[in-house]
Amino acid sequence: NLTSGIIDATFSETVLARSLRLSQITLIGARNSSADTFTFSGGNILTSDGPIISWLVLNADLDVIKANADLCATRLNCFMTLLHRYSRGYLTVPVAMDRDSNPLVEVLPSNATQAAAVRSDSMNPRVISFSLDMSTAQLTMEFDETVNATSFDPTELYLLPEPSSTALVALVGATVLTTSPSTSVQLLLSNANQNLLKEYEICSNTAAGQDCRLSFSGSMVYDMARLAVI
C-alpha cells in the first residue's frame with residue numbers, strides 16, 4: 001500500500017512474527033531483475049504470529065520505492081524475494097521461521113512472488129520546510145514524500161514577506177537543479193528574482209527569516225502518482 005506504507009505478506013503456514021528479518025526481503029521489478037531492486041532497511045511488524053504478517057515500511061524506504069516508476073508502481077512490476085543468510089555454506093540467519101523453528105523456504109529471484117495487489121498512492125504531497133541561501137541564490141524545498149522533480153514549475157512559486165502580502169516575487173526564470181524524483185527539490189534563482197527580493201525587502205539578511213514566506217499553487221509540483229502538492 002503506497003499510501004499507508006503497509007505490506008501484507010501471506011505464507012503457507014503460521015510464521016513467527018518476531019523471526020521475520022525485513023532486511024533480508026527485497027522487492028524487484030521482474031523475476032531475475034537486477035536493475036530495479038530494493039532491499040528493506042527495516043520496518044515495524046504490526047501483527048502477531050500467523051499465516052499473514054503485516055509490517056509498516058520505514059518512510060525513507062517508502063520514498064525510495066516511490067521514486068522508481070519501474071518498481072511496484074503496479075502489481076505488474078512488483079515481486080518479492082526472501083533470502084536466508086549463509087556463512088561458509090551454512091545457514092546462519094533464516095529470513096523467517098515457523099512455530100517449530102523451521103526456516104522458511106527461500107523465495108529466489110528466479111521464482112520471486114508477484115504482488116497480488118498494489119494500492120497506489122492517494123495522498124497529496126506537502127511542503128514541510130524550505131530554506132533560501134541568498135549568497136548562492138539557491139532555494140531548497142523539502143516534501144513529506146517523493147515528488148517528480150521534472151514536473152516542478154517555478155512560475156507557480158512565490159516568495160513574500162508575510163501571509164497575504166501583496167508584495168511578492170514570482171520565481172519566473174528560476175532553474176530547477178534537481179532532475180530526479182526526490183523528497184527535496186533545489187532551485188537556482190535568476191538575477192531578476194534576486195534583485196526583486198532585495199528591492200521589496202523580502203528574505204533579507206536582517207530579519208532572520210521572519211520576512212520570508214512561500215506561496216504556491218497546486219500545479220507547482222506533482223508526486224509520482226500525479227497528485228498535486230497541497
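Modeller: The protein chain has a radius of gyration of 23 Å, whereas a compact globule of 230 residues would have one near 17 Å; the radius is taken over C-alpha atoms, and the globule rule is 2.2 Å times the number of residues to the power 0.38. This is a predicted model, in which local features need pLDDT of at least 70 and side-chain atom pairs count only at pLDDT 80 or more, while totals for chains, interfaces and linings use all residues. Residues are numbered from 1 along each chain as its sequence is written, and side-chain values use heavy atoms, leaving out hydrogens and water. Along its principal axes the C-alpha trace spans about 75 × 35 × 30 Å. The secondary structure comes to two helices and 17 strands, taken as DSSP runs numbered from the N terminus (helices H or I, at least four residues; strands E, at least two).

The helix to look at is α2, residues 191-199, where the buried residues are Asn193, Gln194 and Leu197. They lie on the same side of α2, because they cover an arc of only 95° around the axis; the arc is that of the directions from the helix axis to the C-beta atoms. Buried means under 20% relative accessible area and exposed over 50%, with partly exposed in between (1.4 Å probe, protein chains only). The buried residues of α2 pack against β10 (127-133), β12 (157-160) and β13 (169-170), with contact meaning heavy atoms within 4.5 Å. On the face turned away from this buried side are the exposed residues Asn191 and Glu199. Just after α2, Glu201 takes a positive phi of about 55°.
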